[in-house]
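User: I would like to learn how to read helices, their packing and nonpolar cores in a model. Please take one feature at a time.

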Amino acid sequence: DRENIEDILSFLRGLLAVSIGSEVRGLSEIDLQDLEKGICAEIVAKLNVFLPENETPYHRLSKWVNSIDRKIPIEFFTTNYDLLLEQALDDLEVPYFDGFVGSRRSFFDLRAVEDDLIPVHWSRLWKIHGSINWHQEIIGNESKVSRSSHPIEDQVHLIYPSHLKYEESRKMPYLALIDQLNKFIRKKSSFLILSGYSFSDGHLNYAILIK
C-alpha cells in the first residue's frame, strides 16, 4: 500500500517522541519539530482555498438548507479542515453556529453548545477535527482555542491526521463536538446522511455505530 499523510505524520511523531535529548536517524529533536511544522503548514496552505463561483455543490447545499423553515435545525458534522462550506453559507447569508461566539477573538461557548441555546433557524456546523481558522493561545495560565476569520500562520489548531488524533479528540473543544454527534444520532427520528466518510476514524465510528 502507498503511504498517506497520516502514515507519514504518525512515523514522524513517533521519531519525535524518542528524540528528546538525542538524535534519531541522523535528525535532532529540533530537526524533527521543524519537519513536522513544515508538513502541517503545507496541509493548511493546500486547504486555504476559495470556491470559484456561486454555483458549486456547497452553494446548492446551502440554498437547500435555507429554502425551508424548520422546527429542528440542520446539523453538519465534518472532519474537513477547509472553509468552503462556511464560504458558501456566508455567500448566501445562511445563518449558522459553529460553537464560537464573539467578533474580536471568537471563543468556544460550551454552554451554548451543550444546552442548545441557538435559534432554531440557525444551522449547526460542527468541525470535529478543527478548522484552519482555529488557533490556540495562552490566556493567563490557560490554553484557549479561538476562531479567526482566516488562518493565522504557525497558530493553526487542528487534529492533524496521525496516530495522535485519538488522544487529541478527547480534549476540548473536540470532545464537546463529538458529544454533539452522539446526541444527534440518538435523538428520536434523527436522520444521518454520510458523504465521503471512509470509516477510518475509530473515535467517530464509536459514536456512529455503537448504540
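User: How far does helix H7 reach from its first C-alpha to its last?

Analyst: Helices are DSSP runs of H or I with at least four residues, numbered from the N terminus, and the expected span is 1.5 Å times one less than the number of residues. H7 (residues 174-185) has twelve residues and reaches 17 Å, close to the 16 Å expected. This is a predicted model, where local features need pLDDT of at least 70 and side-chain atom pairs count only at pLDDT 80 or more. Residues are numbered from 1 along each chain, and side-chain values use heavy atoms, without hydrogens and water.

User: Which residues of H7 are buried?

Analyst: Buried means under 20% relative accessible area (1.4 Å probe, protein chains only). In H7 these are Tyr-174, Ala-176, Leu-177, Ile-178, Gln-180, Leu-181, Phe-184 and Ile-185.

User: Which residues touch the most other members in the largest nonpolar core?

Analyst: A nonpolar core is a set of buried Ala, Val, Leu, Ile, Met, Phe, Trp, Tyr and Cys residues joined through side-chain atoms within 4.5 Å. Of the 13 residues here, Leu-9, Leu-12, Leu-32, Ile-39, Ile-43 and Ile-132 touch the most other members. Helices H1 (5-17) and H2 (29-47) each supply at least two residues of this core, and the largest share, five residues, comes from H2. Another core, of twelve residues, lies apart from it and includes Phe-100, Phe-108, Val-113 and Leu-177.

Key: Buried means under 20% relative accessible area, exposed over 50%, partly exposed in between (1.4 Å probe, protein chains only).
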